[in-house]
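Dear colleague,

Please find below the structure that I am handing over to you.

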Amino acid sequence: MAEVPGAALALFLERSHTAAPLQLPQLVDEAARRLGMASATVYLADVQEDQLVPLPGPGADDNAPALAIEGTVAGWAYRTVSLRLSNRRPLAV
């Protein structure tokens, strides 16, 4: 059962202040589960801003593909700094 969104976010923010950078995927995944989602993956833009690359670490999806910034919904959300939700995993490009 999902938690109240504010409580899940508050817990995530509290724990993020003392977490190591590579613990971020695990914290995000835990927050996603508390909100009733199956999982979540953190993506970072590469230096050239061509791809969104999954951040490795505890809780990260080891099979998550890199996503092109140009021509994908994830890339659009990154470029426009706006939220996009999906109920399915991204397809490999």
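**Pockets, cavity and overall fold**

The lining of the second largest pocket is made up of nine nonpolar residues, with no polar and no charged ones. Please keep in mind that this is a predicted model. The residues concerned are P5, L9, F12, V28, A31, A32, L35, M37 and A40, and the space in this pocket is about 170 Å³. Helix 1 and helix 2 each contribute at least two residues to the lining.

The chain also holds one cavity of 30 Å³ or more. The volume of the largest cavity is about 40 Å³. Its lining consists of A8, L11, F12, R15, L27, E30, A31 and R34. Two or more of these lining residues come from each of helix 1 (5–16) and helix 2 (24–34). By class, five residues of this lining are nonpolar and three are charged, while none is polar.

As for the chain as a whole, three helices and three strands are present, and their order along the sequence is α-α-β-β-β-α. The chain has 93 residues, of which 22% count as buried. Its accessible surface is about 6700 Å², and carbon and sulfur atoms account for 60% of that area. Finally, among contacts between residues at least 6 apart in sequence, 34% link residues at least 24 apart.

With kind regards

Terms used:
Residues numbered from 1 in each chain as written. Predicted model: local features only at pLDDT ≥ 70, side-chain atom pairs only at ≥ 80, totals over all residues. Heavy atoms only, no water. 1 Å grid on protein atoms, 1.4 Å probe; cavity = no way out; pocket = protein on both sides within 12 Å on 5 of 7 lines; lining within 4 Å. Points joined across faces, edges and corners; volume = space filled by probe spheres on them. Helix = DSSP H or I, 4+ residues; strand = E, 2+ residues; numbered from the N terminus. Nonpolar A, V, L, I, M, F, W, Y, C, P; charged D, E, K, R; others polar. Buried < 20%, exposed > 50% of the residue type's maximum accessible area, 1.4 Å probe, protein only. Contact = heavy atoms within 4.5 Å. Areas by Shrake-Rupley, 256 points an atom, 1.4 Å probe, with all protein chains shown as cover.
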